[in-house]
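Please keep the structure open while reading.

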Amino acid sequence: MTFDTKKLAYLSVFVVSLFFTVITFANTNPTAQVFNAAQNTFWFEQGNPNAPHQIYVVAEPNCSACHYFYNSVKPFVALGQLKIRWIMVAFMKPSSLGKAAAILMSENPAAALGKNESAFNNMMEVGGINAI
């Protein structure tokens with residue numbers, strides 16, 4: 001598989017859209033505010049630490065769009081071309097908070113997120129990890 005920068009750019013637009021749904025801007029420089037907020041919040045990393053591309057992603061464990069995004073970028077992570085810093089949020093379903101906590105509190109959050117995504121139920125729009 002070759003690294004498709006156009007596809008990554010398209011997916012990055014999706015990520016930025018997720019940021020705008022979660023963060024309200026009061027500053028005149030929203031890009032800097034988003035980046036600073038992302039750097040200073042709790043995140044976990046997936047992928048090659050020395051990957052040439054790095055993104056922050058806000059994700060919800062019961063979100064089908066997030067699930068689609070996860071599967072779309074998985075090949076880039078596997079190739080070592082992309083490092084993702086995942087920021088988990090919980091707002092879609094009553095189980096979201098427990099699922100996000102299960103991912104964040106696990107010994108290996110990236111593996112726990114992978115478990116959530118591999119067992120994701122698209123029909124019910126429910127992540128596959130058990131809530132704590």
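The points below go from the overall layout to single residues.

1. **Overall layout.** This is a predicted model. The chain has 5 helices and 3 strands. From the N terminus on, the elements follow the order α-α-β-β-α-β-α-α. Of the 132 residues, 39% count as buried. Among contacts with a separation of 6 or more, 75% are between residues 24 or more positions apart.

2. **How the strands pair.** Start with β3, residues 82-88. Strand β1, residues 44-46, runs antiparallel to β3, and 3 bridges join the two. Here glutamate 45 stands opposite arginine 85. Strand β2, residues 53-59, pairs with β3 in the parallel sense, over 7 bridges. In that pairing, valine 58 has isoleucine 87 of β3 as its bridge partner.

3. **Strand β3 is covered.** How many residues of β3 are buried? The count is 7 of 7. Leu82, Ile84, Trp86 and Met88 point one way from the strand. Lys83, Arg85 and Ile87 point the other way. Residues of both sets are buried, the lysine and the arginine included.

4. **The nonpolar core.** The largest nonpolar core has 22 residues, and Ile84 and Trp86 touch the most other members. The elements giving two or more residues to this core are β2, α3, β3, α4 and α5. Helix α3 provides the largest share, with 6 residues.

5. **Tryptophan 86 and its contacts.** Leave aside residues up to four places away in sequence. Tryptophan 86 then touches Phe42, Trp43, Phe44, Gln46, Val57, Ala59, Phe69, Tyr70 and Leu113. Its relative accessible area is 1%, so tryptophan 86 counts as buried.

6. **Helix α5.** Is α5, residues 109-118, enclosed or open? Helix α5 is largely enclosed by the rest of the structure, because 7 of its 10 residues are buried. These are Pro109, Ala110, Ala112, Leu113, Gly114, Asn116 and Glu117.

7. **First look at the aromatic rings.** A pair of rings is described by the distance of the centres and the angle of the planes. The count comes to 3 aromatic pairs. One of them joins tryptophan 43 and tyrosine 56, edge-to-face, at 6.3 Å centre to centre and 85° between the planes. This pair links distant parts of the chain, 13 residues apart. Tryptophan 43 sits in the loop between α2 (30-40) and β1, while tyrosine 56 is in strand β2. Tryptophan 43 is partly exposed, at 26% relative accessible area. Tyrosine 56 is buried, at 8%.

8. Why is the pair of tyrosine 70 and tryptophan 86 tilted? The planes of the rings lie at 40°, so the pair is tilted, and the centres are 5.8 Å apart. Edge-to-face would need over 60 degrees, and stacked under 30. Again the pair links distant parts of the chain: tyrosine 70 is in helix α3 and tryptophan 86 in strand β3, 16 residues apart. Tyrosine 70 is buried, with a relative accessible area of 7%. Ring pairs also bring in Phe69, which joins Tyr70 and Trp86 in a cluster.

9. **Cysteines.** How many disulfides does the structure hold? The number is 0. Cysteine 63 has a relative accessible area of 10% and is buried. Cysteine 66 is buried as well, at 6%.

10. Most residues other than glycine have a negative phi. Glutamate 125 has a positive phi of about 50°, although it is not a glycine. Glutamate 125 lies in the segment after α5. With a relative accessible area of 25%, glutamate 125 is partly exposed.

Definitions and conventions: Residues are numbered from 1 along each chain as its sequence is written. This is a predicted model: local features need pLDDT of at least 70, side-chain atom pairs count only at pLDDT 80 or more; totals for chains, interfaces and linings use all residues. Side-chain values use heavy atoms; hydrogens and water are left out. Buried means under 20% relative accessible area, exposed over 50%, partly exposed in between (1.4 Å probe, protein chains only). Helices (H or I, at least four residues) and strands (E, at least two) are DSSP runs, numbered from the N terminus. Two strands pair if DSSP finds at least two bridges between them. A disulfide is a pair of cysteine sulfur atoms within 2.5 Å. Rings of Phe, Tyr and Trp (its six-membered ring) pair if their centres lie within 6.5 Å; planes under 30 degrees apart count as stacked, over 60 as edge-to-face and the rest as tilted. A nonpolar core is a set of buried Ala, Val, Leu, Ile, Met, Phe, Trp, Tyr and Cys residues joined through side-chain atoms within 4.5 Å. Contact means heavy atoms within 4.5 Å.
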